[in-house]
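This briefing accompanies the sequence and the structure shown below. Please keep both in view while reading.

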Amino acid sequence: MSRIITPFSAQSTAAEVIAGVDLTSRRAVVTGGASGIGLETVRALANAGADVTVAVRDTAAGERAAADLTAGGTPGTVRVAHLDLADRASIDAFVTGWTGPLHILVDNAGVMALPELTRTAEGWETQFAINHLGHAELTLGLHDALAAAHGARIVVVSSSAHQQSPVVFDDIHFTARPYEAWSAYGQSKTATILFTVALAHRWAADGITANALHPGGIMTNLQRHLDDAQLRWVGAVDEQGNRLQVPPGWKTPQQGAATSVLLAASPEVNGVTGRYFEDANEALVIAERSDGMSGVLPYALDDKDADILWKETLRLLRR
């Protein structure tokens, strides 16, 4: 299975990777599409002619974003729908309310490095619940709509932070082990990659592909839970303590959305499934954690762990 190499790079923008692609009559859902790379993903898909639903918890923010996107005119349509990934009733309402085929699902929303252990109403650790379980329930619930599209693509925004932790199946929700913010975040992002591997095996016969990605470092609302020390640790502030809009080695939101948009719409990845991408190309599998946080660790692509995660996900969601 050869590695996927495209003409694009870390510097490519969402507009560049989708140039020449016509998404007229295609329908897309982007979770967390009101800001950051989600917003730029919506922009690129709508500018290519897609009918895009921005699925967000804060619908007022979503409506403002939609108004800004369409103010100058766009070939596609931007709609807004309520979705709270920590609320199973909200997910069910979104799924129940969806009718017709769905060609592109971008599981983009997320939460990072919560400083203290918090749990959802079900007792699930919040980062695992939102980043993985909420998106898993949404994706599973939309299966029939995706299958009806005859060639749907699922795009899951993961992170290089998967290198911080595998999924600790014996204690996913930190009931016995001490909570650590980055381990919890890393575990949740490993789960999102494993879930795409599981989906790729199970939904290929339905014409559905699923791939995960690391968007790169981008200054967005995702960093809202980081204190000054953590921002300094990730290189997001200068020596005077000023937050940098684009720190050295980081990306603009337009560049950060490029890999999501590539996987959502580019002919460069037609039929590709169960892979992990970064910088608009398939990532290298690495033997050990990288200081530069590039590449993907084998445990995130492991078929056996993907099967275990699939079964545990279905058990937790009672599906």
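The points that follow concern a strand, a helix and aromatic pairs. The model is predicted. Residues are numbered from 1 along each chain as its sequence is written.

- Strand β4 comprises residues 104-107 and is covered on both faces.
- On one side of β4 lie I104 and V106, on the other L105 and D107, and all of these residues are buried.
- This arrangement can be read against a general rule: in a regular strand, side chains alternate between the two faces of the sheet.
- Strand β1 (residues 27-31) runs parallel to β4 and is joined to it by three bridges; A28 has I104 of β4 as its bridge partner.
- Strand β5 (residues 153-157) also runs parallel to β4, with four bridges joining the two; V106 has V155 of β5 as its bridge partner.

**Helix α3**

- Helix α3 (residues 59-71) has 13 residues, which at 1.5 Å a residue should span 18 Å; the C-alpha atoms at its ends are 18 Å apart, so expectation and model agree.
- The buried residues of α3 are G62, A65, A66 and L69. They cover an arc of only 100° around the axis, and therefore lie on the same side of α3.
- The buried residues of α3 pack against α2 (36-47), β2 (51-56) and β3 (77-82).
- On the face of α3 turned away from the buried side are the exposed residues R64, D68 and A71.
- At the N-terminal end, α3 is capped by D58, with a side-chain oxygen 3.2 Å from the backbone nitrogen of A60.
- Just after α3, G73 adopts a positive phi of about 90°.

**Aromatic pairs**

- Searching the whole structure finds four aromatic pairs. Among them, W182 and Y185 form an edge-to-face pair, with 6.0 Å centre to centre and 80° between the planes.
- W182 and Y185 are three residues apart in helix α7 (residues 181-203), which means that about one helical turn separates them. Both W182 and Y185 are buried.
- The ring centres of F195 and W310 are 5.7 Å apart and the planes are at 20°, so this pair is stacked.
- The F195 and W310 pair links distant parts of the chain, as F195 belongs to helix α7 and W310 to helix α11 (residues 303-317), 115 residues apart. Both F195 and W310 are buried.

Notes: This is a predicted model: local features need pLDDT of at least 70, side-chain atom pairs count only at pLDDT 80 or more; totals for chains, interfaces and linings use all residues. Side-chain values use heavy atoms; hydrogens and water are left out. Buried means under 20% relative accessible area, exposed over 50%, partly exposed in between (1.4 Å probe, protein chains only). Two strands pair if DSSP finds at least two bridges between them. The expected span of a helix is 1.5 Å times one less than its number of residues. The arc is that of the directions from the helix axis to the C-beta atoms. Contact means heavy atoms within 4.5 Å. A polar contact is a pair of N or O atoms within 3.5 Å; within protein, one must be able to donate a hydrogen and the other to accept it, and residues adjacent in sequence count only if both atoms are side-chain atoms. Rings of Phe, Tyr and Trp (its six-membered ring) pair if their centres lie within 6.5 Å; planes under 30 degrees apart count as stacked, over 60 as edge-to-face and the rest as tilted.
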